[in-house]
Structures are given as C-alpha cells and as structure tokens.
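Hi,

Here is the structure I promised to send over. Have a look at it first, and my notes on what turned up follow below.

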Amino acid sequence: MEGVRMLYLAGAFATHAVVGYALVRAFTDADPRLGVVLGVCPDADFLFPAAWNWPLVHRGLTHTPLFALGIVAGAYAIRRERAVPIAVGLAMGSHLAIDSLSSTGIAWLFPLETTWGPGLAVHGLSATILLWTLSLGVLAWRTDVLSRAQ
Ligand SMILES: [Zn+2]
C-alpha cells in the first residue's frame with residue numbers, strides 16, 4: 001500500500017512540476033526551471049513533522065494565497081525583474097488552483113481556518129492526463145509563437 005501512495009505522490013508532484021514549467025515557459029522570460037521548483041514548492045509541507053498542528057500541516061500555510069503572495073514579494077525583492085515574480089505567481093498559483101479543486105481544498109481565506117473543495121480527484125488518472133495534455137498544449141502553442149517572434 002505504501003508503494004501505491006508513493007506512486008500517487010510522485011504523479012502529483014510531477015503534474016505540479018509540468019504545469020508550472022509549461023506556464024513559466026509559455027508566458028514569461030524567466031528560467032522555466034523556476035516553474036518546476038515553485039510548482040512543487042507548496043508540497044514542501046509534506047516535510048513538516050506529523051505532530052505539528054494547523055497551519056503547519058499538509059495543505060495548510062504553504063497552500064494559501066497569503067503564503068504565495070509572500071513568496072512573490074520575496075522574489076521581487078531579490079530579483080527586481082518583472083518576469084521572476086510573475087513566474088513565481090504562475091507556478092505557485094497553478095498549484096493552489098489545482099489543489100483547491102480537491103476534496104480537502106485549500107484555505108483561500110487564511111488565516112481563517114476554512115477549507116472547501118468540490119471534491120475532484122485532481123491527482124487521479126483522468127485529471128492527470130488532462131493537466132499534462134493542457135500543459136503540453138500550452139507549450140506547443142506558445143513555443144511556436146515564441147519561435148516565430150525571434
Ligand atoms: Zn499541494
């Protein structure tokens with residue numbers, strides 16, 4: 001059973017990475033690897049000890065718009081290039097958007113502890129195929145546009 005869970009998590013991480021990569025590559029001039037790292041970044045909360053409580057739990061603090069805005073602001077403070085905070089926002093925003101559709105949702109109104117989600121299997125096989133197809137479609141569409149512009 002643990003192997004199935006690890007496979008599920010690997011698929012979820014890969015999906016967040018692919019979507020983040022596609023959005024950053026397609027819509028910014030930033031290094032698309034930023035989309036991979038920050039697309040997965042909110043799930044760093046899996047490293048929190050199980051004994052910790054809200055908001056330091058999975059889909060707690062790191063899955064809030066407030067946290068994402070803090071990272072965007074930090075990215076802008078470090079690199080005063082427009083593309084970098086936009087890339088950070090796209091990558092982290094895509095993660096929050098995907099996870100907000102799950103059964104546990106995310107805390108959109110943090111610091112209020114209110115979560116709600118429509119209960120979609122966002123990391124199930126159908127959703128994963130859809131997200132990967134959309135990401136590859138965005139890459140194909142925007143890469144073609146970028147190639148013609150040069
Ligand atoms: Zn997540």
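S103 counts as exposed because its relative accessibility is 56%; on this scale exposed means over 50% relative accessible area, buried under 20% and partly exposed in between, with a 1.4 Å probe and protein chains only. You'll find S103 in the loop between helix 4 and helix 5 (125–149). (Helices here are DSSP runs of H or I with at least four residues, numbered from the N terminus.) S103 is in contact with G117, G119 and L120, leaving aside neighbours within four places in sequence, where contact means heavy atoms within 4.5 Å. From S103 to T114 it is 11 residues along the chain, and their C-alpha atoms are separated by 13 Å.

Before you go further: this is a predicted model, in which local features need pLDDT of at least 70 and side-chain atom pairs count only at pLDDT 80 or more, while totals for chains, interfaces and linings use all residues. Residues are numbered from 1 along each chain as its sequence is written, and side-chain values use heavy atoms, with hydrogens and water left out.

Now the metal. Which residues coordinate the zinc ion? They are D43 (OD), H63 (NE2), H95 (NE2) and D99 (OD), at 1.9 to 2.2 Å. Donors are N, O and S atoms within 2.8 Å of the metal (3.2 Å for Na, K and Ca), and since water is not among the atoms, sites may look incomplete. Along the chain the donors of the zinc ion follow the spacing D-x19-H-x31-H-x3-D. The arrangement is irregular because the four donor atoms subtend angles of 89 to 164°. For reference, four donors are tetrahedral if all angles lie between 85 and 135 degrees; four are square planar and six octahedral if opposite donors are over 155 degrees apart and all others between 65 and 115; anything else is irregular. H95 and D99 sit four residues apart in helix 4 (residues 83–100), so about one helical turn separates them. Both H95 and D99 are buried.

R59 is in the loop between helix 2 and helix 3 and has a positive phi of about 60° although it is not a glycine. Most residues other than glycine have a negative phi, and most peptide bonds are trans. R59 counts as buried because its relative accessible area is 13%. Not counting residues up to four places away in sequence, R59 touches D45, W54, D99, S102, T104, G105 and H123; one of these, D99, is also a zinc donor.

One joins W54 and P55, with omega about 5°, and P55 is in the loop between helix 2 (33–40) and helix 3. The bond from F110 to P111 is also cis, with omega near 20°; P111 is in the loop between helix 4 and helix 5.

On to the inside. The largest nonpolar core has 12 residues, including V24, L38, V88, M92 and I106. A nonpolar core is a set of buried Ala, Val, Leu, Ile, Met, Phe, Trp, Tyr and Cys residues joined through side-chain atoms within 4.5 Å. Helix 3 (65–78) and helix 4 are the elements that give two or more residues to this core, and helix 4 has the largest share, six residues. L38 is in contact with I71, V88, A91 and M92, leaving aside neighbours within four places in sequence.

What about T15, buried or exposed? T15, in helix 1, is buried, with a relative accessible area of 0%. Leaving aside neighbours within four places in sequence, T15 is in contact with T128, L131 and W132. T15 and S135 are 120 residues apart in sequence and 9.2 Å apart in space, C-alpha to C-alpha.

Happy to go through any of this with you.
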